[in-house]
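Try each task before you read its solution.

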Amino acid sequence: MSAAKLETYLKRKLAERGWAGAGEPPVGDLVARFVQAGYVDDAAYARMKAGSLRRRGYGERRIGQALDAAGIAAEERQSVTGSEASQRAAALAFARRRRLGPFAVAAAGGMDRAVQRAAREKQLAALLRAGHRADHARDVLDAADPQAAEAWVAEGGELENDA
């Protein structure tokens, strides 16, 4: 849990239970002590959350939104930005999980051009909503087969080890 989320949680719980002390509760001081003692570490939380979302197939924009909602500072969000290879691998993982592009189940009897175009637009929109860059989304969808998509990820460079 991030420091900002902990502070929000503690304030809400104190309000629900009716704070009986004089003035505002010293929640900020308590959270600062937890941070200083190492019980709460925003950098570690950001690495863990970004790695988790990336493995599930979400893109950098969506990861940034999740970290922003957790109250992670911009510098911390910037420090957990994935490499080109990890961004490509995340796009591929999302496509595989949602059966998009080369992982799509082929329709029986084939589709006419208008239906194919509409299906591609829906798949592209899904990848963009997941936070992927438009060029990555197009590259994944343009892959002829899963092996070509894997080769595209390998072209992005060495994968880093996400926490």
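**Exercise 1.** Describe helix 3: how many residues does it have, and how far does it reach?

Solution. The model is a predicted one.
- Step 1: Helix 3 covers residues 42-55, which is 14 residues.
- Step 2: From first C-alpha to last, helix 3 reaches 20 Å, close to the 20 Å expected at 1.5 Å a residue.
- Step 3: Look at the ends. At the start, a side-chain oxygen of D41 comes to within 3.2 Å of the backbone nitrogen of A43. After the helix comes G57, with a positive phi near 100 degrees.
- Step 4: Find the buried residues. They are A43, Y45, A46, A50, G51, L53 and R54. Their cover includes helix 1, helix 4, helix 5 and helix 6.

**Exercise 2.** Decide whether R88 is buried or exposed, and list what its side chain reaches.

Solution. 
- Step 1: Apply the cut-off: buried means under 20% relative accessible area. R88 counts as buried because its relative accessibility is 13%.
- Step 2: Its side chain makes a polar contact of 3.0 Å with the side chain of E84. The side chain of R88 also reaches the backbone oxygen of W152, at 2.5 Å.
- Step 3: Beyond four places in sequence, R88 has contacts with H136, W152, V153, E155 and G156.

**Exercise 3.** Find which residues line the largest cavity.

Solution. 
- Step 1: Count cavities of 30 Å³ or more: there is one.
- Step 2: The largest cavity holds about 40 Å³ of space.
- Step 3: Its lining is G59, E60, Q87, A90, G131, H132, R133 and H136.
- Step 4: Sort that lining: one nonpolar, five polar and two charged residues.

Key:
Residues numbered from 1 in each chain as written. Predicted model: local features only at pLDDT ≥ 70, side-chain atom pairs only at ≥ 80, totals over all residues. Heavy atoms only, no water. Helix = DSSP H or I, 4+ residues; strand = E, 2+ residues; numbered from the N terminus. Expected span 1.5 Å × (residues − 1). Buried < 20%, exposed > 50% of the residue type's maximum accessible area, 1.4 Å probe, protein only. Contact = heavy atoms within 4.5 Å. Polar contact = N/O pair within 3.5 Å; in protein donor to acceptor, adjacent residues only side chain to side chain. 1 Å grid on protein atoms, 1.4 Å probe; cavity = no way out; pocket = protein on both sides within 12 Å on 5 of 7 lines; lining within 4 Å. Points joined across faces, edges and corners; volume = space filled by probe spheres on them. Nonpolar A, V, L, I, M, F, W, Y, C, P; charged D, E, K, R; others polar.
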